[in-house]
Amino acid sequence: MQMVDTLDHDLFTRPLYGYAEADRLAGVPRGTSSRWVKGYKYRNDWGERVTQPPMTSGAEDKTEGGVSFFDLISIKAIDSLRELGFSTQKIREVVRYCREELGVAYPFATRRFKTDRYRIYMRAGDGHLLEVLGGQKGAQAWDEILD
């Protein structure tokens with residue numbers, strides 16, 4: 001049984017799409033998939049080099065080129081959150097919290113989220129939602145109340 005789980009995980013996390021194809025499938029601007037999957041570097045206003053880590057994958061050092069199925073789902077979810085008004089900085093907070101505090105490698109591809117447009121909640125089971133972005137990270141909310 002464990003071998004099947006590992007095999008399934010590999011199928012979802014190996015690169016299947018090129019970056020341009022992923023941009024098209026997710027409906028995001030050209031170059032977005034590459035930046036969100038591989039991370040990127042830029043110089044800030046003071047000339048300092050700033051590194052932005054990947055937003056989609058569980059591995060910080062993606063060596064193979066391309067976008068996995070989990071990455072593609074994550075790209076679409078991140079784009080949807082941006083359309084709701086969440087900044088990439090806030091979305092990165094969610095990804096960082098899910099990875100570091102909850103141990104979830106691909107949060108947007110493997111978990112369900114809800115938002116009230118101010119906070120983001122992740123389904124935690126038994127009818128509760130766990131706040132992953134907002135004033136009280138880790139606080140629980142009832143699904144019915146947000147509906």
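## Helix α4 and its surroundings

Helix α4 covers residues 69-83, which is 15 residues, and its first and last C-alpha atoms lie 21 Å apart, close to the 21 Å expected at 1.5 Å a residue. The model described here is predicted. The buried residues of α4 are Phe70, Asp71, Leu72, Ser74, Ile75, Ile78, Asp79 and Leu81. An α-helix has 3.6 residues a turn, so residues three or four places apart point the same way. Just after α4 comes Gly85, with a positive phi of about 105°.

The protein as a whole has seven helices and six strands. Read from the N terminus, the order of elements is α-α-α-β-β-α-α-α-β-β-β-β-α. Of the 147 residues in the protein, 36% are buried. Among contacts with a separation of 6 or more, 51% join residues 24 or more positions apart.

### Packing against α2

One partner of α4 is helix α2, made of residues 19-26; the two pack at an angle of about 50°, and their axes are 10 Å apart. Because of that angle, α2 counts as oblique to α4. The crossing of α2 past α4 is right-handed. On the α2 side, the contact is made by Ala22, Leu25 and Ala26, and on the α4 side by Leu72, Ile75, Lys76 and Asp79. Sorted by type, the residues of this contact are five nonpolar, no polar and two charged. Of the α4 residues named in the contact, Leu72, Ile75 and Asp79 are also on the list of buried residues.

The buried residues of α5 are Ile91, Arg92, Val94, Val95, Tyr97, Cys98 and Arg99.

| Residue | Relative accessible area | Class |
|---|---|---|
| Gly66 | 3% | buried |
| Ala109 | 21% | partly exposed |
| Arg117 | 54% | exposed |

Gly66 belongs to the loop between β2 (49-52) and α4. Its relative accessibility is 3%, and buried means under 20%, so Gly66 counts as buried. Leaving out residues up to four places away in sequence, Gly66 touches Pro15, Tyr17, Tyr19 and Val37. Gly66 and Ala20 are 46 residues apart in sequence, yet their C-alpha atoms are 9.3 Å apart in space.

Ala109 is part of helix α6, residues 107-110. Which residues does Ala109 contact, leaving aside its neighbours within four places in sequence? They are Phe70, Ile73 and Ser74, and these positions fall within the 69-83 range of α4. The relative accessible area of Ala109 is 21%, so Ala109 is partly exposed.

Arg117 sits in the loop between β3 (113-115) and β4 (120-125). Most residues other than glycine have a negative phi. Arg117 is not a glycine, but its phi is positive, at about 75°. The relative accessibility of Arg117 is 54%, and therefore Arg117 counts as exposed.

Methods:
Residues are numbered from 1 along each chain as its sequence is written. This is a predicted model: local features need pLDDT of at least 70, side-chain atom pairs count only at pLDDT 80 or more; totals for chains, interfaces and linings use all residues. Side-chain values use heavy atoms; hydrogens and water are left out. Helices (H or I, at least four residues) and strands (E, at least two) are DSSP runs, numbered from the N terminus. The expected span of a helix is 1.5 Å times one less than its number of residues. Buried means under 20% relative accessible area, exposed over 50%, partly exposed in between (1.4 Å probe, protein chains only). Axes are lines fitted to C-alpha atoms, for helices over the stretch in contact, and angles run from 0 to 180 degrees between N-to-C directions. Angles under 35 degrees count as roughly parallel, over 145 as roughly antiparallel, 65 to 115 as roughly perpendicular and the rest as oblique. A crossing is left-handed if the near helix is turned anticlockwise from the far one by less than a right angle, and right-handed if clockwise. Contact means heavy atoms within 4.5 Å. Ala, Val, Leu, Ile, Met, Phe, Trp, Tyr, Cys and Pro count as nonpolar, Asp, Glu, Lys and Arg as charged, and the others, Gly among them, as polar.
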